[in-house]
Amino acid sequence: MITPTAQAPSAEFGEGGRNRLALVRGDGAHLFDAQDRRYVDLGATHGAGSLGAAHPAVVRAVQRQVAELIHLGSGYANPVRTAFLERLLGLLPSQFARVFLSNSGTESVEAAIKIARSATGRPKVVAARRGFHGRTLGSLSATWRKELREPFEPLVPEFAHVPYNEPGALEVAVDERTALLLLEPVQGEGGVHVATPEYLRAARAACDRVGALLGFDEVQTGLGRTGRLFAFEHSGVVPDVLTLAKSLAGGVPIGATVTTSEVESRFQGSHHSTFGGNPLACAAGLAALDTLVGEHLAERAAELGRRAAPKLAALSSDKVREVRGLGLMWGVELRERAAPTLAALEAEGYLAISAGATVVRLLPPLVISEEDWLGGLDALGRAIGHG
Ligand SMILES: Cc1ncc(COP(=O)(O)O)c(C=O)c1O
């Protein structure tokens, strides 16, 4: 039996090795350490835990599938994969008809970049300042933050970054050499900045003007997080390529790049992943989508976001620069570093995360109880005071 301790030295490479708190099990929005101390997840699962930990429907589906067939190469048909793809496409506007399955968010973005370059025969990708799209080299080239990029340069050529929420900048940057304009409808890692509908409409128009593809990275915003199944529904602007991951399979690793038959018909070359679309992830994904819809979790996120409004407004103080977000995706930008506030929150039994140095980010499971959610905001108010 493994008995982790908070102080155990970690063999993990990189940032994972700096975690102090060891968590061993979860139940809904609650996570527990080895001493059975309970924490409320306000973001500890980085948005991948929208269904909460150990959702019974996902557990059942995984248990059943694991005994049937864990893995199968994508060269073979599989009814679970087919059912999952049909379920996913059934939730999207009818022009979406093709899905490339992978294992993570960054892979879903890599596929979007390759699809766009190949389908348009053009090299250029335009992304936004403060945007985050992953850490493999293609996705990292679209990611903005200098400290994430610089140690690995030179990155992939022909990537440009424009200011977010400035329609005018798109007019200049998106040109005849542009394959893909890649945007998050709400920037997550970059500090929770919500795109205006006018901006997304301008993005659509800029792409249509020159024949570039519009890509929305909904790895963080998708699947109910913002109060709609997909964040693009708030504006009604439909992209040509959509990337999903995080909670798509209820916590089991998965990535999906969704596009149209028309884009696929122009795609030359090949793209493939050994584990992408494996029956285990697809079974979990099917159960997760059924749960998302059956438990009305997007509507729940919208409602819990609305109910939080007075508490979010009450966070305003001389330490708080701005509170931004929608549904169950919020950023509280402080006038100081977020780390002491996060530590004070943790001491009260609430786990949130940062988005950059000064933003406290809240991405609770969509199944969180109202009491835990509003209690977490009260605790955040106290933590900001004492952080
Ligand atoms: C918008 C967005 N795209 C891509 C990624 C990368 O996802 P992953 O960590 O699964 O590779 C993330 C991760 O936070 C994200 O928020």
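Reader: Which residue in β11 stands opposite Gly215?

Author: Val241 stands opposite Gly215. This is a predicted model, where local features need pLDDT of at least 70, side-chain atom pairs count only at pLDDT 80 or more, and totals for chains, interfaces and linings use all residues. Residues are numbered from 1 along each chain as its sequence is written, and side-chain values use heavy atoms, with hydrogens and water left out.

Reader: What makes β10 and β11 a pair?

Author: Strands are DSSP runs (E, at least two residues), numbered from the N terminus, and two of them pair if DSSP finds at least two bridges between them. Three bridges join β10 to β11 (residues 241-244), which run parallel, so they count as paired. β7 (residues 178-183) passes too, with four bridges to β10, again parallel.

Reader: Why is β10 called mostly covered?

Author: Buried means under 20% relative accessible area (exposed is over 50%, partly exposed in between, 1.4 Å probe, protein chains only). In β10 (residues 213-217), five of its five residues are buried. Leu213, Gly215 and Asp217 are on one side, Leu214 and Phe216 on the other.

Reader: And why is Cys282 called buried?

Author: Its relative accessible area is 0%, so Cys282 falls under the 20% cut-off. Cys207 also comes out at 0%, so Cys207 is buried as well.
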